[in-house]
Amino acid sequence: MQEELFTSGRNLPHIDPSLEIWHWPISVYLFLGGLAAGLLFFAGLITVLGKDKEYPTTVKFAAIVSPIALTLGLLALFYDLTHKLYFWRLYTTIRIESPMSWGAWVLLIITPISFLWVMSYYSELFPKWKLKFEFLNTFEKILTKNRIYMAYVLIPLSVILGIYTGILLSAFNARPLWNNAILGPLFLVSGLSTGAALIILLAKSKKERHLFSKIDLALVVIELGLIVHMLMGMAAGSEVQLEAMQLLVGGEFTVMFFGFVIILGLIVPATLELTEIVGYKIPVAIPAILILIGGLVLRFVMVEAGQITRYLY
Amino acid sequence: MRYAMVIDTLKCVGCSDCVVACQTENDVPIGYCRDWITETVSGAYPTIELELKSERCNHCDNAPCVRCCPTGASHQLDNGIVLVTGDECIGCGACIESCPYDARFQHPDGYVDKCTFCHHRLEKGQLPACVSVCPTKCMYFGDLDNPNSEVSRLLKNRKHKTLAPEAGTKPKVYYLI
């Protein structure tokens, strides 16, 4: 028998009996950040490849979502801070060792670029609403001319943004569920996959839909592989990692993780996408929405379950 | 200079005087604490063992909270003490997540707070409040770099352990067992 109890003192709000410092805003932000990273990555890639005329949804219509997602995500992050008025302290220093510092700086660069990107398509996106001021029209022309440079910058930045949402969690060695090197790539791939799903959802041409169905299918297969890798790594790990894995496999998060993330969020949509590519008629909205929900649930499961895992007590 | 604390679990009676002394000295808000007592019972009757420990921030040599802080509010002094500068802290909670000892908490004013090894008392040549009030004198405080200090000699001669050394943080609160 081993029984441990606090005889005095420890009854800290949000920490005892179980850690609840990070709530839904963090999960929502990690999802929106990954989604924006995916959308901006594909917009940049298609532009660099010179295919922006063939895939208008990717570079134009879906790209509108990324500044909105980033803004909402940043608002969620700001809402989660407890010393809000001091948020500017993030930008008085660069801390190489802190993933959150990296993320704050990348967001500071990528968020304005995502707005400028949409601005560069303004007259094509909103042909009926003319810009009132002449200088805005000139500004738009400059942006349109330099769009390719924005695309070159967006590709590496969106990859950093996507991978940082995972590394943010995996850098905490005190939380055994998070502390595995797979989480960065897993969140990046999941973010790219949700981005592709949103493009499928909004795409008007069959060609664009099929290309992104194929991309999404490949990403889902990679994501499943990474999840298997993650679970195998934890199964072969130390005791705390075994306990962490048991939360997902046979523990309180099993239904959420296997039911909503793996089956409904990955395997079912992948099967539907495959049958659609082969030629059967399936409304593409179903797999796309399932992928998006699966991505959101993955963030919630990882954030909530990770905070339960610990070394002591 | 590397400050460390040594606590004799064989002498501790779990009276919680250290907890109250800390709350009084550091004006810790009601309902919060920077140190606490744990009581661990292990084994089965009749070979049962009871261990009482006063726990707090371990002022780790390899402090994960300092590493993950995005603003540098969490920092380590040359003497090994880990501190939080309140008006550099944004309250993101990353350090709380990163601490294997759950030693940090969000102060009602928003910033993150924790044990300071009574840094302000050390500057005046006094001992930390918890150490100075301990009625069984089971707590020792001193410099690990000095081989003749009380803490160094105790660690040389007595069997001891640290909490969750497998977390790789190199904690500096030692427990004599």
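**Exercise 1. Get to know chain A.** How many helices and strands are there in chain A, and in what order do the elements run?

*Solution.* Start by counting: chain A has 12 helices and 1 strand. Keep in mind that you're looking at a predicted model. Next, walk along chain A from the N terminus, and you'll read β-α-α-α-α-α-α-α-α-α-α-α-α.

**Exercise 2. Check the overall shape.** What radius of gyration does chain A have, and what would a compact globule with 313 residues have?

*Solution.* Step one: a compact globule with 313 residues would have a radius of gyration near 20 Å. Step two: chain A comes out at 21 Å, so the value agrees with the rule. Step three: look along the principal axes, where the C-alpha atoms of chain A fill a box of roughly 75 × 50 × 30 Å. Step four: look inside, where 47% of the 313 residues of chain A are buried. Finally, take the contacts in chain A with a separation of 6 or more: 75% of them join residues 24 or more positions apart.

**Exercise 3. Explore the nonpolar core.** Which residues have the most contacts inside the largest nonpolar core?

*Solution.* The largest nonpolar core holds 143 residues, and those with the most contacts inside it are Leu39(A), Ala43(A), Leu198(A) and Met139(B). Helix 1 of chain A (residues 24-48) gives the largest share of this core, 15 residues. Now zoom in on Leu39(A) and skip its neighbours within four places in sequence: Leu39(A) touches Ala62(A), Ala63(A), Val65(A), Ser66(A), Gly195(A) and Leu198(A). As background, nonpolar side chains in soluble globular proteins tend to be buried together.

**Exercise 4. Work out a helix pair.** Are helix 8 and helix 12 of chain A roughly parallel or antiparallel to each other?

*Solution.* First find the angle: the axes of helix 8 (residues 183-202) and helix 12 (residues 285-308) of chain A cross at roughly 150° and come within 8 Å. Now use the cut-off: angles over 145 degrees count as roughly antiparallel. Helix 8 and helix 12 of chain A are therefore roughly antiparallel. Their crossing is left-handed. On the helix 8 side, the residues making the contact include Ser190(A), Ala197(A) and Leu198(A), while those from helix 12 include Ala288(A), Ile291(A) and Gly295(A).

**Exercise 5. See how the chains meet.** How many residues does the contact take from chain B and from chain A?

*Solution.* The contact takes 47 residues from chain B and 41 residues from chain A. On the chain B side, strand 2, helix 2 (64-68), helix 3 and strand 6 give two or more residues. Strand 2 of chain B provides the largest share of that side, 10 residues.

Conventions
Residues numbered from 1 in each chain as written. Chains lettered and ligands numbered in written order. Predicted model: local features only at pLDDT ≥ 70, side-chain atom pairs only at ≥ 80, totals over all residues. Core = buried A, V, L, I, M, F, W, Y, C linked by C-beta atoms within 7 Å. Buried ≥ 20, exposed ≤ 12 C-beta atoms within 10 Å, placed from the backbone. Helix = DSSP H or I, 4+ residues; strand = E, 2+ residues; numbered from the N terminus. Contact = placed C-beta atoms within 7 Å. Rg over C-alpha atoms; globule rule 2.2 N^0.38 Å. Axes fitted to C-alpha atoms, helices over the stretch in contact; angles between N-to-C directions. Parallel < 35°, antiparallel > 145°, perpendicular 65-115°, else oblique. Left-handed = near helix turned anticlockwise from the far one by under 90°.
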